[in-house]
Amino acid sequence: MDTRDVLVLNPTSSNQVDPDYSQTEKRLEKWFSENPSKTIIATGFIASTPQNIQQHPRKVSEAVILKTLSYQEAWEMSYFGANVLHPHTIIPVMQYGIPIVIRNIFNLSAPGTMICKPSGEEIEDGWLLESPVKGFATIDNLALVNVEGTGMPGVPGTSSAIFGAVKDVGANVIMITQTSSEHSVCFAVPEKEVKVVAEALESRFRQALDAGRLSQVAIIPNCSILAAVGQKMASTPGVSATLFNALAKASINVRAIAQGCSEYNITVVVKREDCVRALRAVHSRFYLSRNFFLSHP
């Protein structure tokens, strides 16, 4: 199947697309009527707009093949830079419980990875693989925007105004973090968008900046995101400590941290020039130090 003939996407803001399920279903039914088959081999990462304009997107030596991933883990990794799957492709298969098998067309003997509902513990070489962290992903070419001031705490609508200004210029916010004191709000955007974001914020908060209620809109360029992903991180004490210890031993300075209450991922922002070294450090700590996550059944 050439998915350009079937999959219809509508462009949205910030170079994103949304599937047109209604048009796609009609085209899919037509394709099946012309090509009856039980097994379909379809092209990936390519589609068409309703006007039939085509769309397509486009570090570590010890990296290992994962036997399984949960849908949530696959979604998190695809969002944070794993290029094999687009985040939007996970939603329908998760909804209907359809398993996905990722294979390497250049190495057909490799077992590949299955994305499916979470199962029990994995056994490897007679050991119980608890695997709190399933993998790491990175996003490069980012900048941090930090809005801070003594007039921010307790003022309703400040965050709404900040991200409203960002939305108005069509910028894509990759990560958000805020101190509990509400003294500052920090977020990451693509570096190519940071100039227009800063100008929009300075314009929106000019009165607050002049009055001293906001002290600055600071830009930190040349950043990368490193995300640790794993569904079992929530139930495993010490994962964050191990992650930050590995970064500290590699002399990596963490500029920002974000973690949701679901604890499916821990996201850190580092200097772009430190990203590969950081990735190697945490990968080595979690995957080569077997004592951390292996036990005998």
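I started with the open sheet, whose six strands run in the order β11-β12-β10-β13-β15-β14 with antiparallel pairing. Strands here are DSSP E runs of at least two residues, helices are H or I runs of at least four, and both are numbered from the N terminus; two strands pair if DSSP finds at least two bridges between them. At the edges I found β11 (175–178) and β14 (256–259), each pairing on one side only. Neighbouring strands are turned by 30° against each other on average, direction ignored.

A note on the source: this is a predicted model, so I kept in mind that local features need pLDDT of at least 70 and side-chain atom pairs pLDDT 80 or more, while totals for chains, interfaces and linings use all residues. Residues are numbered from 1 along each chain as its sequence is written, and side-chain values use heavy atoms, without hydrogens and water.

Next I checked β13 (residues 216–229) and β15 (residues 265–271), which pair in the antiparallel sense over seven bridges. Ala228 has Ile266 of β15 as its bridge partner.

Then I turned to the helices. Helix α7 (residues 239–249) packs on the sheet and touches β10, β13, β14 and β15 (contact means heavy atoms within 4.5 Å). Its direction makes about 15° with that of β15; angles run from 0 to 180 degrees between N-to-C directions, with axes fitted to C-alpha atoms, for helices over the stretch in contact. Helix α5 (residues 194–204) lies across β10 (135–148), β12 (184–190) and β13, at about 30° to β10.

Last, I noted that the chain has eight helices and 16 strands.
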